Amino acid sequence: MKTVIEKITDLLTEEDRKKIQEAGRILKEGGLVAFPTETVYGLGADALNPEASKKIYAAKGRPSDNPLIVHISNMEALEGITSEIPEKAKQMAEQFWPGPLTMIFSKSSQVPLETTGGLETVAVRMPNHPIALALIDAGGGYIAAPSANTSGKPSPTLAEHVALDMDGRIPMILDGGAVGIGIESTIVDFSGEVPMILRPGYITPEMIRQVIGEVRVDPGLAADNPSVHPKAPGMKYKHYAPKADLILVNGAQEKVVKRINELVREAEKSGKRTGVIGTDETCGLYQAGVVKSIGSRKDEDTIARHLYGILREFDELNVDMIYSESFSTPRIGQAIMNRMLKAAGHQVIEV
Ligand code: TXA
Ligand code: MG
């Protein structure tokens, strides 16, 4: 299959609107289209068409018990696919939609089990991106979309990343440039008594508490508790992994820099190509290896935005080892470290 990459620069132009209509036609006919959202690129299919959903699993190599998020463009659409909308979920939608928030509801019979990985619940999100919203409308209103990477690889934050993973597997990629946030949406489950965060993201527990009061965090997310399984099926799989062995070093900045310098020297002595993930503040302090800055500690959003891209850059450089600082920054550090720890297979050196 030939994959067409369509650049979308201005939805107000006739030319770009035609491209969206064409992408919508592919979706309505049961095909796949990758598209940008504010979090990461998604791989879209008609969520109400079981055959279309199956194609997503095939293109990504995704286990069939890992459910998809249904993307909508307006609140009325939510009623069609859910059997009940709790009051607190409505308040959350009012505050955070469109935006990087996914909510889990009891599903209506409209949603096929192929889309929900066999579950009676459905995950729903209204993305905050003009191309995504236009595509959802053009494609029939309900677009199932996981991140558009091959299963297990870092999520794509550029159309070029999607092309590397999906070329020849899907008919179209909409290129809307770099995404704004860079890590996937916060997932909150409303199917139980107390709302529960199943995946940390840009919307923090504090932000949620300000709107609805009590919210729990899935105990299965805690790094030091491997015997408890996470509630979101996708969170149990190895994920976000670069090809190289990634090891995080955690502690006071000076000690971290010193230890990473030692580790790089040892690794290079034994013939290993080595990468270092530092920050704008520390990059000049590393003496060897391929050093990349993930952003500034003064601006944690830049760290989230560059995380997956940097892992993919090291993939291309074919390094054997990556040593990284850790980023437990004040606001979204939990979301960043959730991804970093998974990418590192929980290998952390404390200094
Ligand atoms: O930001 C995002 O959410 C991106 C963009 C494309 O919207 N999408 C995304 O989808 O991250 P994906 O498929 O990579 O991750 C979906 C996660 C998985 O961990 C999955 O197990 C969980 O959501 N999930 C989906 N439906 C669920 C359900 N009914 N119950 C529990 N977890 C669910
Ligand atoms: Mg994903």
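**Exercise 1.** How many of the six residues of strand 5 are buried?

*Solution.* Keep in mind that this is a predicted model. Start with the cut-off: a residue counts as buried when its relative accessible area is under 20%. Next, go through strand 5, residues 101-106. Five of the six pass, so with that cut-off the strand is mostly covered.

**Exercise 2.** Which strands pair with strand 5, and is each pairing parallel or antiparallel?

*Solution.* Take strand 9, residues 186-189, to begin with: it runs parallel to strand 5, and four bridges join the two. Here Leu-101 sits opposite Thr-186. Then turn to strand 6, which pairs with strand 5 over five bridges in the antiparallel sense. In that pairing, Thr-102 has Arg-125 as its bridge partner.

**Exercise 3.** Which strand gives the most residues to the shell around ligand 1?

*Solution.* List the strands that supply at least two residues each: strand 4 (69-71), strand 5 (101-106), strand 6 (121-125) and strand 10 (196-199). Strand 6 comes out on top, with three. Now look at the whole shell of 27 residues, with His-71 and Ser-185 among the closest. Sorted by class, that's 14 nonpolar, nine polar and four charged.

**Exercise 4.** Which polar side-chain atoms lie 2.7 Å, 3.0 Å and 2.9 Å from an oxygen atom of ligand 1?

*Solution.* At 2.7 Å you'll find one from His-71. Ser-147 has one at 3.0 Å, and Arg-199 has one at 2.9 Å. Finish with the ligand's surface: alone, ligand 1 exposes 680 Å², and the protein buries 97% of that.

Technical notes: Residues are numbered from 1 along each chain as its sequence is written. Chains are lettered from A and ligands numbered from 1 in the order in which they are written. This is a predicted model: local features need pLDDT of at least 70, side-chain atom pairs count only at pLDDT 80 or more; totals for chains, interfaces and linings use all residues. Side-chain values use heavy atoms; hydrogens and water are left out. A residue is near a molecule or strand if one of its heavy atoms lies within 4 Å of it. A polar contact is a pair of N or O atoms within 3.5 Å; within protein, one must be able to donate a hydrogen and the other to accept it, and residues adjacent in sequence count only if both atoms are side-chain atoms. Accessible areas come from the Shrake-Rupley method with a 1.4 Å probe; for residues, only the protein chains shown count as cover. Ala, Val, Leu, Ile, Met, Phe, Trp, Tyr, Cys and Pro count as nonpolar, Asp, Glu, Lys and Arg as charged, and the others, Gly among them, as polar. Buried means under 20% relative accessible area, exposed over 50%, partly exposed in between (1.4 Å probe, protein chains only). Two strands pair if DSSP finds at least two bridges between them.
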